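Good morning. Please have the model open on your screens.

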Amino acid sequence: MTINPASILLTDRVAVVTGAGAGIGRGIAAGLATFGAKVAIWERNPESCAEAAGEIGALGIPVDVRDSTAVDAALAHTTAELGPVTILVNNAGGVFSSGILDTSENGWDALYKSNLRHVYLCTQRVARGLVEQKLPGSIISITSIEGVRAAPGYAAYAAAKAGVINYTKTAALELAPHGIRVNALAPDITLTEGIMQMAPPGSDERFGLTVPLGRAGHVDEMAGAAVFLASEMSSYITGQTIHVDGGTHAASGWYHDPETGAYALGPTT
């Protein structure tokens with residue numbers, strides 16, 4: 001098989017991106033559309049859903065992907081409007097600080113539903129449709145670097161993101177005989193609207209010290225990885241988590257010393 005530039009194109013394929021009203025999801029939705037996909041945005045917030053859909057030229061469907069009935073309705077709507085869904089990006093999620101000693105049952109359940117339950121719901125529903133119609137597909141879930149390292153103060157979130165990684169591996173094996181590939185993307189510091197609002201002054205410099213490539217990531221860089229995994233360019237890749245993080249996962253605690261710029265591990269007093 002000779003590599004062909006056309007293999008990266010997603011022309012007329014139908015893609016769903018959850019939580020795509022802003023941030024990484026919105027960037028991925030725009031990227032998929034740029035490469036030819038017909039995109040449906042599933043977003044809980046009706047205003048940001050409509051705004052993103054209008055800007056990208058996508059189908060916007062307000063939906064809470066934590067609810068199975070809502071997911072079924074959104075999938076039926078998408079299929080009726082655009083055709084069978086062959087690309088799914090499970091991007092929806094949420095986070096808040098919740099230490100182990102203070103996490104309530106409601107808090108745990110909220111973080112599980114926001115970050116893991118919808119991955120199961122959307123993956124299962126889209127995969128069922130693909131299997132029934134004997135269509136190949138690509139399913140991509142957005143996890144986090146926190147799924148592979150300790151996250152003090154965010155145990156429930158990290159546990160859910162770790163669950164996404166393992167679910168990705170298992171789903172990849174179960175769905176491989178049907179020609180459905182399942183992978184995940186794990187960002188670290190990515191300049192979304194939320195990060196920019198929360199980041200204290202001087203954060204840009206700190207990001208440059210903690211990320212080996214010397215800067216925070218951009219949503220378009222996540223979109224590039226998603227387009228690759230959605231396309232035939234990645235036809236032999238399944239069950240993988242790709243860290244789109246400027247090297248922070250590989251660094252494992254190594255960072256640029258603020259005085260010398262050399263790599264250091266731990267305090268440098």
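Start with strands S2 and S3 (residues 59-62), which pair in the parallel sense over 4 bridges. Two strands count as paired if DSSP finds at least two bridges between them. Helices (H or I, at least four residues) and strands (E, at least two) are DSSP runs, numbered from the N terminus. Within this pairing, Glu-43 has Pro-62 in S3 as its bridge partner. To get from S2 to S3 the chain passes through helix H2 (residues 46-56), and this β-α-β crossover is right-handed. That is, with the strands pointing away from the viewer, the path from the first strand over the helix to the second runs clockwise.

A word on the source. This is a predicted model, in which local features need pLDDT of at least 70 and side-chain atom pairs count only at pLDDT 80 or more, while totals for chains, interfaces and linings use all residues. Residues are numbered from 1 along each chain as its sequence is written, and side-chain values use heavy atoms, with hydrogens and water left out.

Now the other neighbour of S2. Strand S1 (residues 14-18) pairs with S2 in the parallel sense over 5 bridges. Is S2 (residues 38-43) mostly covered or mostly open? Mostly covered: 5 of its 6 residues are buried, meaning under 20% relative accessible area, where over 50% is exposed and in between is partly exposed (1.4 Å probe, protein chains only).

Step back to the whole sheet. It is open, has 7 strands in the order S3-S2-S1-S4-S5-S6-S7, and the pairing is parallel. Its edge strands are S3 and S7 (241-244), each pairing on one side only.

Last, the helix pair. Helix H3 (residues 68-82) and helix H4 (residues 105-133) pack at an angle of about 40 degrees, with their axes 10 Å apart. Axes are lines fitted to C-alpha atoms, for helices over the stretch in contact, and angles run from 0 to 180 degrees between N-to-C directions. H3 and H4 are therefore oblique to each other; under 35 degrees would be roughly parallel, over 145 roughly antiparallel, and 65 to 115 roughly perpendicular, with the rest oblique. Which residues meet? Ser-68, Val-71, Asp-72 and Leu-75 in H3 meet Leu-121, Cys-122, Arg-125 and Val-126 in H4, contact being heavy atoms within 4.5 Å.
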